[in-house]
Amino acid sequence: MNTTEKRIKTNKRNTVLALAMLLLTNVLLSISLMDMSKLALREQINQRMLDIANTAAYMLDGDELAVLTAEDEGTEPYNRALDTLRSFQKNIQLDYIYGIRDMGDGTFTFTIDPDEDDPGEFGAPIETTDALVKASQGTPSVDKEAYADEWGRFYSAYSPVYDSEGNIAGIVGVDFNAEWYEGKLNSNRLVALAITAAALLIGVGVSLIMMVQNRKRFNDMMKTIGELDDATRRLDRTILQSTKGRLGLATEDGNAALKAISESEDVKRTVSSEYEELSSSLSSVYGKLKNYVEYIDSEVYTDPVTNTGNKAAYKLRVEKLGEDIKAGKARFTVAFFDINELKRIYVACGYEAGDELMFECARIIQKLFGRQDVYHIAGDEFVVISEGVSLLDTKILLARFESELKHYNSGCGDDKKLSVAKGAAAFKPNRSRDYRQVLAEAKEKCDKDKAEYYERKNKSK
């Protein structure tokens, strides 16, 4: 399977996963909404049932209801209770409404039933439910589960009737058909399913539109990254060609960014998706740009021939020393180096040989004093600024510099030997006015060393 086929397969898989997650989210959301709405609707229906039972119970005379018997049928108290219950049955949407008496032994019986077709017989037993038991204890309640009797399957609400002394004289029962009740609860199911289907269709449509748009943006991004990668390759060649000579002279501790550019290679990674391809391309381009930025930063402050600090870097360092001097916290030494007979090398051996000699001089100085403290300030002159170093330590390094020169010259012909005049001075808070005074003192000692060199050379002729 080639890379393109893998990418297509990955895209299809991601699309299927996204749609599956969308479907699952819609289903879970719909189920949650249905449960919540069903619970809210149940509470509304139960409250309506209780309102009917409570109102009927409130309208009955508890004192009369408590003493009614089957023999009282046709009496005025009996008929008042019957008319009250019958008005509810005729004018309110319910199946049955009736009076109940608690027998005191956990059983309950009918009292007055206003149904004209098939009324419950006075004193006949009634199905006992948890809601009925709670009502007999003074708490109006609605059945949580449907129950069945000879009249059908119902959910019922029960409310106690109180006499004038506050005692429970009876109970009003209100029956609602279980199919009606459950149908009301399930009426929102089709609506929820319709909403789910609509949301799913809209979600799929929006997802496809977004995926197409993202795909286009992704392709544009990949095209831009490709163009950027081509540009970095051209920049590679430009930088390396323009610094070919410098690469040949660079030491191990030389310009790391330039080495990174010269040694960089494109790593071909096997990617399984376009997202990994994008990540790989971005990482590659970022790495190159990071090298370029480091290289450019170094170029701004680096002398191209000697790989030391240039005049711009030297100027910044001197300005910082001036601030330290004003703040009273300056402690530094300055070493001045001047290559002897460099003009003769240029004339006799060419400018390339002279530049190489200047580079080797800088290399030895950097080896002893550290690259960050060495500056090429003019033609054949170098300055080393060492902070926190005493003049004695600097003189010791100058002696080691002479040993390094002898070792270098042992492998060179007479016409390419390296000779360097040098001098050093230290900043003294009580005597030095500024940095330039210390530099002038170091240069004066270097000029004296240079004069002695030419004097010795003239005597040897």
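**Figure 1. Overview of the predicted chain.** Of the 461 residues in the chain, 40% are buried, where buried denotes under 20% relative accessible area, exposed over 50%, and partly exposed the range in between, with a 1.4 Å probe and protein chains only. The structure is a predicted model, in which local features need pLDDT of at least 70 and side-chain atom pairs count only at pLDDT 80 or more, while totals for chains, interfaces and linings use all residues. Residues are numbered from 1 along each chain as its sequence is written, and side-chain values use heavy atoms, with hydrogens and water left out. The secondary structure comprises 13 helices and eleven strands, taken as DSSP runs numbered from the N terminus (helices: H or I, at least four residues; strands: E, at least two). Contact means heavy atoms within 4.5 Å. Among contacts between residues at least 6 apart in sequence, 66% join residues at least 24 apart.

**Figure 2. The largest nonpolar core.** A nonpolar core is a set of buried Ala, Val, Leu, Ile, Met, Phe, Trp, Tyr and Cys residues joined through side-chain atoms within 4.5 Å. The largest such core has 28 residues, and those with the most contacts inside it are Met49, Leu60, Ile97, Ile112, Val172 and Val174. Two or more residues each come from helix H1 (3-59), helix H3 (76-91), strand E6 (152-162), strand E7 (168-177) and helix H5 (178-242). H1 gives the largest share, seven residues. Apart from neighbours within four places in sequence, methionine 49 is in contact with Val142, Tyr155, Ser156, Ala157, Phe176 and Tyr181. A second, separate core has 27 residues, including Ile339, Cys361, Ala362 and Cys412. In soluble globular proteins, nonpolar side chains tend to be buried together.

**Figure 3. Surroundings of leucine 85.** Leucine 85 lies in helix H3 and is buried, at 2% relative accessibility. Once neighbours within four places in sequence are set aside, the contacts of leucine 85 are Leu60, Ile97, Tyr98, Gly99, Ile112, Pro114 and Val172. Leucine 85 and aspartate 113 are 28 residues apart in sequence, and their C-alpha atoms are 7.8 Å apart in space.

**Figure 4. The aromatic pair of tyrosine 98 and phenylalanine 110.** Rings of Phe, Tyr and Trp (its six-membered ring) pair if their centres lie within 6.5 Å; planes under 30 degrees apart count as stacked, over 60 as edge-to-face and the rest as tilted. This rule gives eleven aromatic pairs. In one of them, the ring centres of tyrosine 98 and phenylalanine 110 are 5.3 Å apart and the planes stand at 65°, so the pair is edge-to-face. The pair links distant parts of the chain, with tyrosine 98 in strand E1 (residues 96-102) and phenylalanine 110 in strand E2 (residues 108-110), twelve residues apart. Tyrosine 98 is buried at a relative accessible area of 2%, and phenylalanine 110 is buried at 6% relative accessibility.

**Figure 5. The aromatic pair of tyrosine 314 and tyrosine 435.** The rings of tyrosine 314 and tyrosine 435 form an edge-to-face pair, because their planes are at 65° with centres 6.2 Å apart. Tyrosine 314 belongs to helix H9 (residues 311-327) and tyrosine 435 to helix H13 (residues 435-460), so the pair ties together parts that are 121 residues apart in sequence. Tyrosine 314 has a relative accessible area of 13% and is buried; tyrosine 435 is buried at 4% relative accessibility. Tyr314 and Tyr435 form one aromatic cluster with Phe332, Tyr375 and Phe427.

**Figure 6. Packing of helices H10 and H11.** Helix H10 (residues 342-349) packs against helix H11 (residues 351-369) at an angle of about 145°, with the axes 6 Å apart. Axes are lines fitted to C-alpha atoms, for helices over the stretch in contact, and angles run from 0 to 180 degrees between N-to-C directions. Leu342, Ile345, Tyr346 and Cys349 in H10 meet Tyr351, Ala353, Gly354, Asp355, Leu357 and Met358 in H11. By class, this contact has eight nonpolar, one polar and one charged residues, where Ala, Val, Leu, Ile, Met, Phe, Trp, Tyr, Cys and Pro count as nonpolar, Asp, Glu, Lys and Arg as charged, and the others, Gly among them, as polar.

**Figure 7. Positive phi values in two loops.** Asparagine 307, a residue other than glycine, has a positive phi near 65°. Asparagine 307 is placed in the loop between helix H8 (274-301) and H9 and is buried at 5% relative accessibility. Glutamate 341 has a positive phi near 60°; glutamate 341 lies in the loop between strand E8 (332-339) and H10 and is buried at 14% relative accessibility.
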